[in-house]
Amino acid sequence: DKGANANANATATLFCANVGDARAVLPLGGGARALRLSRDFKPFDDDEYERVQALGGFVSHVGCWRTMGILAMSRAIGDLFLKPYVSAEPEVRSIAIDEKDEFVVLASDGIFDVFDNEQVVRIAAVGRSRWQMSPRNLKAMHMWMRMAVGKMYVRMTFICESACEGG
C-alpha cells in the first residue's frame, strides 16, 4: 500500500475526494495490482449505518440496502430531500505519485459489481495502449466496456495527465 509519504521518488501528490458509489483505482506494478483510492459509500457499512441512525434516519432493504428506503448509497452530492441522512461530506485521501503512475481509473459502481479492481485496471491498461485515449477512442472504449458487462450502464474515466507528465 502506498502512503502519502511512502514514495521516496514522488514528484506529485494526487488528491482523491469522494462521495457516492463511484470508485477510483491506481494501477501498481505495471497494472498487475490496483490500489483503491476511494471508498464506496454504502448504507450497510457499519459506520455509515450508525451515522444515519444517529441522525434519526434508517436503512432498509428494498431490493438492496437503501438510506431512508430510497437511495442505495449513504453519501452523495444532490438528493437534498434526503439531507442530513445522505451526507455530501467527502472522504479525502492524498497519495504520493511518480512517473510510474500512468493513470487513474474512475468508474461507476456498476463496473465494480462485475469486475474486481485488478481486472478493471488490466482492462483500462489494454484499452489505453490499444486506443491511445483520443476522444474517438475513449468513446470506443466506453462502448467496449458496456458490451463486456451486457446492458448494464458503465462509465469509466481515465485521468492520464498529471504533474508527473508536466501537464
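Here is a short tour, from the whole chain down to single residues.

First, some ground rules. This is a predicted model, where local features need pLDDT of at least 70, side-chain atom pairs count only at pLDDT 80 or more, and totals for chains, interfaces and linings use all residues. Residues are numbered from 1 along each chain as its sequence is written, and side-chain values use heavy atoms, with hydrogens and water left out.

Start with the whole protein chain in cartoon view. You'll find 4 helices and 8 strands, counted as DSSP runs numbered from the N terminus (helices: H or I, at least four residues; strands: E, at least two). From the N terminus on, the order is β-β-β-α-β-β-β-β-α-α-α-β.

Of the 167 residues, 43% count as buried, meaning under 20% relative accessible area, with exposed over 50% and partly exposed in between (1.4 Å probe, protein chains only).

Next, select the loop between β5 (65-67) and β6 (91-97). What is there to see?

- Met68: this loop residue has a positive phi of about 55° although it is not a glycine. At 19% relative accessibility, Met68 counts as buried.
- Asp79: also in the loop between β5 and β6, Asp79 has a positive phi of about 50° and is not a glycine either. Asp79 counts as partly exposed, at 28% relative accessibility.
- Pro84: pick the peptide bond from Lys83 to Pro84, which is cis, with omega near 5°.
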